[in-house]
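Welcome! Take a moment to look over the sequence and the model, and then let us walk through some of their features together.

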Amino acid sequence: METEMDHTIDDDNVVKRLPPWTTNITCRGLVASVVIGVIFSVIVMKLNLTTGLVPNLNVSAALFAFVFIKTWTKMVHKSGFVATPFTKQENTIIQTCAVACYSIAVGGGFGSYLLGLNKKTYEEAGVDAEGNSPGSYKEPGIGWMIGFLFVTSFVGLLALVPLRKIMIIDYKLPYPSGTATAVLINGFHTPKGDKMAKKQVVGFTKFLSASFVWACFQWFYSGSGTCGFTSFPTFGLKAFRNSFYFDFSMTYIGAGMICSHVVNLSLLAGAVLSYGIMWPLIEDRKGAWFPSSLPESSMKSLNGYKVFISIALILGDGLYNFLKIAVFTARTIYLTSRKMPKTNPDDNDQPRDDSELNEVFLRDNIPFWLAATGYITFSVVSIVVIPLMFPELKWYYVVIAYIIAPSLGFCNAYGAGLTDMNMAYNYGKVALFVLSAISGKHDGVIAGLIGCGLIKSIVSISSDLMHDFKTGHLTLTSPRSMLVSQAIGTTIGCVVAPLTFFLFYKAFDIGNPDGEYKAPICYCV
């Protein structure tokens with residue numbers, strides 16, 4: 001199908017006709033970003049605290065942005081006013097800002113390292129447990145969580161900005177999610193794409209309405225505890241006691257449709273092997289393998305087997321994927337440097353389409369000194385503030401973390417560009433074990449968890465930014481406006497994410513292994 005990009009690149013004055021980058025950031029776009037960011041933050045927070053599996057929602061955010069602004073402009077026109085034309089650049093900016101906002105809810109540690117600091121987890125692990133020193137916990141609080149996110153989240157925005165040309169233009173990394181989002185946006189903003197966009201919007205509205213109505217129906221027919229459609233004993237009461245039931249949740253069905261079949265089948269196989277076979281067999285050993293007087297939720301009872309066997313499987317699989325991607329990345333970089341000459345946007349043998357895209361991508365350059373100064377400034381702030389908030393994590397550990405973080409971020413962003421897999425949690429787990437070991441048994445718990453968060457935050461955010469840069473490259477959006485919108489979205493997310501977390505934390509029993517909100521990732525850190 002012919003897209004607007006095909007028409008745009010045929011125009012010799014395309015670069016000259018593009019408006020300044022500041023015009024891409026609009027008031028209506030910021031309003032849309034906040035609304036979309038809040039909605040998606042609630043969705044991903046629920047997934048994070050229940051299954052620990054959060055799919056990539058970049059494409060959905062772009063669709064939401066298109067629907068929101070199109071509705072906005074129609075209402076303005078019906079009111080008798082003239083609305084500014086909605087461009088694909090503005091669509092890209094809204095998507096970037098919204099994704100940056102909800103990404104804090106995903107990677108901010110609310111279902112993992114920050115939640116693992118609370119007193120409930122500390123007590124469940126055993127007050128007298130080895131290494132669980134007295135007072136090694138910190139209850140969640142909106143104030144300190146917002147402050148922690150502000151001093152840690154902005155460092156990752158500037159870590160890989162100087163390398164964007166190498167990633168996007170020189171190595172031509174595909175970044176599948178970023179590319180898919182760009183294709184969707186380019187398809188929306190064409191005369192021929194209007195029919196397709198209308199069909200997608202109509203379908204989106206139908207299923208959104210059906211899901212909302214079904215959720216209301218479930219709520220009316222739900223009782224206390226495990227009564228109602230949210231816990232329907234499909235396979236009988238005995239299987240129900242081992243967590244085999246159908247909850248009729250549209251959220252999980254939608255997430256399953258977004259995820260690949262490999263992920264869905266893996267979750268199904270893991271559920272059958274663990275809750276269907278392993279845990280019932282281990283539970284029969286009550287009194288021999290663990291005291292029968294302890295509750296099942298105790299870490300010295302059945303729950304201890306659940307947690308540590310799961311951790312072993314996750315770490316083993318994570319180590320395999322980490323080594324595989326490291327080898328694959330190193331091999332690709334080596335072959336690329338040997339076989340592919342350095343690209344230049346002005347080379348005569350370069351395809352004209354790429355030349356136009358590259359010229360726009362490099363026109364609004366982000367100076368190296370600005371990125372370096374910003375990274376150093378935010379790092380210094382974090383080095384001062386983090387040890388004050390968490391004395392267990394010494395300042396020189398934070399310095400070392402920020403020195404090695406850019407190289408880890410490059411490895412993760414390169415691997416994500418090739419495979420679309422964000423391995424930030426694996427880098428964070430490495431930091432967790434190293435810092436816990438060198439901090440000693442008295443400070444190891446908090447130092448390890450917070451150090452894990454520092455590395456994970458930088459590595460994850462810098463990788464997400466490269467995905468957005470890829471989208472901006474293909475939609476002729478200025479990198480400066482992309483970086484500014486990412487910073488705005490991060491600012492919003494640092495406030496929205498803790499508030500969203502406390503909606504669940506105060507209303508539900510978070511971390512209960514027998515409840516709906518198990519927070520499974522919390523036990524893996």
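## Getting started

Helices here are DSSP runs of H or I with at least four residues, numbered from the N terminus. Leu-273, for instance, sits in helix α14, which covers residues 261–283. Please keep in mind that this is a predicted model.

## A nonpolar patch on the surface

With a relative accessibility of 51%, Leu-273 counts as exposed, because the word exposed is used for values over 50%. Leu-273 also belongs to a nonpolar surface patch of about 650 Å².

## A positive patch

Which residues form the positive surface patch? They are Lys-70, Lys-74, Lys-78, Lys-195, Lys-198 and Lys-199. Two elements each give two or more residues to this positive patch: α4 (58–78) and α11 (194–220).

Lys-78 makes a handy example from this group. Its place is in helix α4, and Lys-78 is exposed, with a relative accessible area of 78%.

## One salt bridge

Side chains of opposite charge can pair when their charged atoms come close. How many salt bridges are counted in this model? The count comes to 1. The partners are Glu-90 and Arg-28, whose closest N and O atoms are 2.8 Å apart.

Glu-90 lies in helix α5 (residues 88–107) and Arg-28 in helix α3 (residues 27–50), so this pair ties together parts that are 62 residues apart in sequence.

The structure holds 0 disulfides. Take Cys-494, which is in no disulfide: the nearest cysteine sulfur belongs to Cys-101 and is 9.1 Å away.

Cys-494 counts as buried, at 0% relative accessibility, whereas Cys-27 counts as exposed, at 66%.

## Apart in sequence, together in space

Gly-143 and Val-495 are 352 residues apart in sequence, yet their C-alpha atoms are 9.5 Å apart in space. Gly-143 lies in helix α7, made of residues 142–153. At 59% relative accessibility, Gly-143 counts as exposed.

## Two loop residues with positive phi

Most residues other than glycine have a negative phi. Tyr-175 has a phi near 45 degrees, a positive value in a residue other than glycine. Tyr-175 lies in the loop between α9 (164–170) and α10 (176–188), and Tyr-175 is buried, with a relative accessible area of 0%.

Where does Leu-476 lie? Its place is in the loop between α19 (424–474) and α20 (479–507). Leu-476 has a positive phi as well, near 60 degrees. Leu-476 is buried, with a relative accessible area of 4%, because buried means under 20%.

Terms used:
Residues numbered from 1 in each chain as written. Predicted model: local features only at pLDDT ≥ 70, side-chain atom pairs only at ≥ 80, totals over all residues. Heavy atoms only, no water. Patch = residues over 30% accessible without salt bridge, like charges linked within 9 Å, V, L, I, M, F, W, Y side chains within 5 Å. Areas by Shrake-Rupley, 256 points an atom, 1.4 Å probe, with all protein chains shown as cover. Salt bridge = Lys/Arg side-chain N within 4 Å of Asp/Glu carboxyl O. Lys, Arg positive; Asp, Glu negative; His and termini not counted. Charge placed at Lys NZ, Arg CZ, Asp CG, Glu CD. Buried < 20%, exposed > 50% of the residue type's maximum accessible area, 1.4 Å probe, protein only. Disulfide = S-S within 2.5 Å.
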